[in-house]
Amino acid sequence: MKAVRIAAGVLALSLVWPLAGNAQDGEPQEVRQQLMEEVGDATGVMGNMLRGRTEYDPQAVIEALGVIEANAAVFPDYFPEGSETGFETEALPAIWENKAEFEERSDELSSAAAELAGAVPEDMDAFAPMFQEFSRNCSGCHDDFRMSDD
Amino acid sequence: MLKRILILLIVVLSAGAATLWAIAAPSELPYTAFEGLSDPDVANGQRIFAAGGCASCHSLEAAGEEGDDDAPPTLGGGHVISSQFGDFRVPNISPSDAGIGDWTFRHFADAMLSGVAPDGTHYYPAFPYSSYALMDIEDVNDLWGYLRTLPASDNMVAAHDVPFPFNVNRAIGLWKYLYMPEPNRVTLESADPMLARGQYLVEAVGHCGECHTPRDVLGGLETDRWLAGAPNPSGEGRIPNITPGGDIGEWSVEDLAYYFESGFTPDFDSVGGSMADVQRGLAQLPEEDRAAIAAYLKAIPAR
């Protein structure tokens, strides 16, 4: 069983590693967009299980949360002065006006992901409300710091 | 002869002006509108409150104060809506002396359905009564009952900052004459009650068109481009086109309903901007209401 877990971990790392590698190059706007893409994909892994589109898999949930924990921890590093515009950025000026709050919120997301990863239940019905609570971190921050799209 | 033409002209012009003046008069609801109303159903009032997203403008959190998402909202007002016509300060509508504590239901119904204040003046349409005018008075009654249960706030909100000529109150009456809606914004082919419910929630209570439909130079909704997207009044980005011809044209009814419930798009981007508050309200609705809104959005003309 332990071997399976290690294998799964290695597999997860090999999937994430190249993306993370690419993300370090490029302009900060591109890097942060890539980081957030990955957060969206990881969220989708969990969300699609809850929508009944894929089978609930606690191990895959833990891996997805690992991506969010890692990306959210470094996300605010990619908002240097001078990167306020360009590359179709949807970052609002509020990020630079309230940098401390922005960084704190991203840290909170990272720790919330770590905490949830340590408490993922075997049963999807038990996970659903936990995911709902966790996902408040997304809109809570997008509300203040990201342009409403299209 | 010339003198007579001049007199005639003056008569015609003043008759026209008098007619316009009369058209622009604030008119309250007739007494008959209140017949047969029973005690408010507070639970339904709360549902209407969530669908209308009242808290997203009127709560103290909207004005930037810290608050608890799980506690009943305190509707102390103070949020500023900036527009090309001036800055509108959202009023305190909590049950206190600084709010609407001394109102009767008649005052509230006239405000919601006619856009008329207790002192008989017009409200600015920044308060979206041109959508609420489509609401059933029973729901307004229930909403009133729910509002009375919410915490009081002593927050005093300053007056609107609206320059001439937009501060001429009577002129708002002409605006109402031009833009207060016919019974519905769009005509649907089907008489499906679920679609009708969705239409009611979107066009009346939810007042979605106020942001998602473009406006003409006088600030009236361009109903032939209903829900086709518009510049964001905050100046950042655009409010999306939510007709089948827009970005969400490929979303299924289930995708839409899931977005309203969870705040996630089909590719798990999350809701942002002012829609985040709206979605928090939609998440509190019964599932059938979210499904009805989704069905309506799939049924309206693509723009």
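Modeller: Happy to; what follows is a short exchange about a predicted model.

Colleague: How much area do chain B and chain A bury between them?

Modeller: The size of an interface is often given as the accessible area lost when the parts come together. Here the contact takes 21 residues from chain A and 23 residues from chain B. Carbon and sulfur atoms hold 46% of the buried area, and the total is about 1900 Å².

Colleague: Nice. Which residue of chain B meets R146(A) in a salt bridge?

Modeller: Between chain B and chain A the count is four salt bridges. In the one with R146(A), the N to O distance is 2.9 Å, within the 4 Å cut-off. The partner side chain is D269(B).

Colleague: And how many residues on the side of chain B that touches chain A are charged?

Modeller: Six residue pairs are in polar contact between chain B and chain A, both at pLDDT 80 or more. On chain B, α10 (253–262) and α11 (275–283) each supply at least two residues of the side that touches chain A. That side divides into six nonpolar residues, six polar ones and a charged group of 11.

Colleague: Turning to the surface, which elements give two or more residues to the nonpolar patch?

Modeller: The patch is formed by L20(B), I23(B), Y177(B), L178(B), V217(B) and L218(B), with about 630 Å² of accessible area together. V217(B) lies in the loop between α9 (209–212) and β3 (230–231) of chain B. The elements you ask for are α1 (2–23) and α7 (169–179) of chain B.

How values were computed. Residues are numbered from 1 along each chain as its sequence is written. Chains are lettered from A and ligands numbered from 1 in the order in which they are written. This is a predicted model: local features need pLDDT of at least 70, side-chain atom pairs count only at pLDDT 80 or more; totals for chains, interfaces and linings use all residues. Side-chain values use heavy atoms; hydrogens and water are left out. Contact means heavy atoms within 4.5 Å. Buried area is the accessible area (1.4 Å probe) that two parts lose on being put together, summed over both. A polar contact is a pair of N or O atoms within 3.5 Å; within protein, one must be able to donate a hydrogen and the other to accept it, and residues adjacent in sequence count only if both atoms are side-chain atoms. Helices (H or I, at least four residues) and strands (E, at least two) are DSSP runs, numbered from the N terminus. Ala, Val, Leu, Ile, Met, Phe, Trp, Tyr, Cys and Pro count as nonpolar, Asp, Glu, Lys and Arg as charged, and the others, Gly among them, as polar. Patches are made of residues with over 30% relative accessible area and no salt bridge: like charges are joined within 9 Å, nonpolar side chains (Val, Leu, Ile, Met, Phe, Trp, Tyr) within 5 Å. Accessible areas come from the Shrake-Rupley method with a 1.4 Å probe; for residues, only the protein chains shown count as cover.
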